[in-house]
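Hi,

Here is the structure I promised to send over.

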Amino acid sequence: MMTLLLFKVILVVAVFAISLFMAAYSTYAERKVAAFMQDRLGPDRAGPFGLLQPLADGVKLFMKEEITPEVSNKFLFVLGPSLFMITALMTGVVIPWGDLLNIDGVNYSLQITDINIGILYVFGVVSIGVYGIMIGGWASNNKFSLLGAIRASAQMISYEVAMGLSIIALVMMTGTLSLKEISQFQAGGMEGSWNFWNVVYQPFSFLIFLICAFAECNRAPFDLPECETELVGGYHTEFSSMKLGLYLFAEYINMFISAAIISTLFFGGYNFPFMHDLGLSQNAITILGTAALFSKIIFFIFFFMWIRWTIPRFRYDQLMNLGWKGLLPLSILNLLITGAVILIFSK
Amino acid sequence: MLSQYLFYFLSFLAVISALLVVFSKSSVQSVLWLIVTLFAISGHYIFLLNAEFLGVVQVIVYAGAIMVLFLFVIMFLNLNQEVEAHKPAVLKFAATISSGLLLIIIIGSLKGSEQLGTHVGSNDFSSIKNLGRVLFKEFLFPFEVSSVLLLIAMVGAVMLGKSEKEG
């Protein structure tokens, strides 16, 4: 019991640290990717290849003067960024970071908790995350911030609907809401039987989910809440120092978590091809699987950046039209077809 | 023992934040307290009734979507000035009586619900399979009727929005 508790504590701290580490180095990677796409060098002064840049940025943000607008609600002004950061970190709990690890004959799961409604938990936390933006934007008492906050909430609610419906098709197929079981469903090469990744069966669902994930993370081309050409800085116009840092940082954590969820739901999670045919020991498979999951995550983080530096920003009405008139009917159609196919094959 | 303390804590939180919803001067703060109330109630579902599905759906639908729309409208209308709207005394009287009647109806409808719990077969409310079976076999008719009710409300909302635009 004590060792299990100790293991869980270590796992929680590890997931927390890795989320922060990935977010910090995503900022570095984003600048390097942008530089590569624009034929520049990017940050290269702090440390070799500019690798210490995230550290320098962090120190800079902490050292900056903290300004709270005179007229704003002080408590809510602090609550906004804190809430955004907390909800960004909360979703890592249900993601299966790896299979069972065998230590002294006891199996430990590399997932903090396997609640049987894993996906719904993620949706619940994401839907609370929007309050961080709304409260922060409203408490700033600035028209640009308020407009940014309202845009953010409208956008997130709209795309949550299509996102949820695209996931229901997947849930109908796998018959479970637990992220662990969805991962196991995609295990490759188990004793001769082959399971493909979910993206093979549900390509539409994946596409809709991916587009919605961009909108939920407020990433370009859907970064209208902080559209600098129209709204100065959007919802975080009035924020300075580390409060701004929390907003920016949480966005990168959200990106990391979305990449992890996309990998888990559609790209096999911690499974990799031929994992049971190579004759490796259980621990080796688990460690390789975790490495496979992280390489998928890193690919999707790169994909997020690739899109950001390729496609221009949408107009607001285009965004809403795409969400309600494009993605929502498509996801309902996908749901109907999936249901019909399941019904035909189960007979 | 622990669940008893948890019950008292969550109930206390729910009642206090519900009172703060009514007594807050600023309407944005009222909405934020209402969100705390909803969280306390879904805490009841998750930790005390073992109904994780219900609790999480409550958070997604009420706290995550409906309250965001509330906040949205209030922020747009700029009701954040601490001005209290004064309604005529007749209206206040009518509101008190009708909400009192609603309370009686709710208590009355809950009175027979003790026998309903046995339908699930086991105490495992968290299993969505059990919930789905009960909902689509034994309570299919009420379930469909309530979905039609929601549809009517949705059509009504669309109609209201449309007529305002044209008129």
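Starting from the N terminus, the elements of chain A go α-α-α-β-β-α-α-α-α-α-α-α-α-α. That comes to 12 helices and two strands. Bear in mind that this is a predicted model.

On overall shape, chain A has a radius of gyration of 21 Å, close to the 20 Å that the globule rule gives for 347 residues, so chain A is as compact as a globular protein of that length. Along the principal axes, its C-alpha atoms fill a box of roughly 65 × 45 × 45 Å. If you take the contacts in chain A between residues at least 6 apart in sequence, 79% of them join residues at least 24 apart.

Now the inside. Of the 347 residues in chain A, 44% are buried. The largest nonpolar core has 105 residues, and the ones that touch the most other members are A:Met134, A:Cys212, A:Phe256 and A:Ile262. In soluble globular proteins, nonpolar side chains tend to be buried together.

How many residues of chain B are in contact with chain A? There are 17, and they meet 17 residues of chain A. Helix α3 of chain B (residues 52-77) gives the largest share of that side, with 14 residues. By class, the side of chain B that touches chain A is made up of 14 nonpolar, two polar and one charged residues.

Cheers

Methods: Residues are numbered from 1 along each chain as its sequence is written. Chains are lettered from A and ligands numbered from 1 in the order in which they are written. This is a predicted model: local features need pLDDT of at least 70, side-chain atom pairs count only at pLDDT 80 or more; totals for chains, interfaces and linings use all residues. Two residues are in contact if their C-beta atoms, placed from the backbone, lie within 7 Å. Helices (H or I, at least four residues) and strands (E, at least two) are DSSP runs, numbered from the N terminus. Ala, Val, Leu, Ile, Met, Phe, Trp, Tyr, Cys and Pro count as nonpolar, Asp, Glu, Lys and Arg as charged, and the others, Gly among them, as polar. The radius of gyration is taken over C-alpha atoms; the globule rule is 2.2 Å times the number of residues to the power 0.38. A residue is buried if 20 or more other C-beta atoms lie within 10 Å of its own, exposed if 12 or fewer, and partly exposed in between; C-beta atoms are placed from the backbone. A nonpolar core is a set of buried Ala, Val, Leu, Ile, Met, Phe, Trp, Tyr and Cys residues joined through C-beta atoms within 7 Å.
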